[in-house]
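Hello,

Please find the structure below, followed by notes on what turned up in it.

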Amino acid sequence: MKKISPSYFLTDEVSELSGRTLELECNPTVLLVWAANRFNRNASRFYQEAFGISAMDWRMLVMLCKEPGIAVSAASLATGYDKGAVSRSLRIIEQMGLAEGRAEGTNDRNKFWYLTRKGRQLHDKVLAAALERQKQLLTGMSAEDVVIFNALLQKFMTNLERLEADLP
């Protein structure tokens, strides 16, 4: 496999006012961050306006549908969000009557989270809209393109996990 030279990701121009730096339009990490930021802003606005929930709340509805009885720490690991963000979202959707936390034992902080009937109904409504939005986002991509895109993102995530393991 041919490797890309690090210079591919750098600008060619150097002036008196600027030094050599990242070439933004051909740098996959820059493009990924830009796409993720735009996607999150767009999704947040859409879910808030259409359903009265944040994008994070939608992610927690999905998580509780997929993993009923999940703890905050496990939801945090699965989604990549810190425990504080997961806890805040779960409290919000609990207040909305969409989820419930059930404590096990005497420690009220150690809860396992479930969708309520109302939460499941909202999940199913949002899911239909989310699938339509995904279809629009993938316009112009073949099924093979999507499989390749997913495989590349999985490789990227695996490499990211290796970087995280090397952090102090």
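Helix 1 and helix 2 are roughly perpendicular to each other, a label used for angles of 65 to 115 degrees. Helices here are DSSP runs of H or I with at least four residues, numbered from the N terminus. This is a predicted model, in which local features need pLDDT of at least 70 and side-chain atom pairs count only at pLDDT 80 or more, while totals for chains, interfaces and linings use all residues. Residues are numbered from 1 along each chain as its sequence is written, and side-chain values use heavy atoms, with hydrogens and water left out.

Helix 1 (residues 28-51) packs on helix 2 at about 80°, and their axes are 8 Å apart. The axes are lines fitted to C-alpha atoms over the stretch in contact, and angles run from 0 to 180 degrees between N-to-C directions. From helix 1, N40, A43, S44 and Y47 meet A55, W58 and R59 of helix 2; contact means heavy atoms within 4.5 Å.

Helix 2 (residues 55-66) also packs with helix 4 (residues 83-95), at an angle of about 85° and with axes 9 Å apart. This pair is therefore roughly perpendicular too. Helix 2 contributes M56, D57, M60, L61 and L64 to the contact, and helix 4 contributes A85, V86, S89, L90, I92 and I93.

Helix 6 (residues 143-166) gives the most to a nonpolar patch, with six residues. F156 lies in helix 6.

Regards

Definitions and conventions
Helices (H or I, at least four residues) and strands (E, at least two) are DSSP runs, numbered from the N terminus. Angles under 35 degrees count as roughly parallel, over 145 as roughly antiparallel, 65 to 115 as roughly perpendicular and the rest as oblique.
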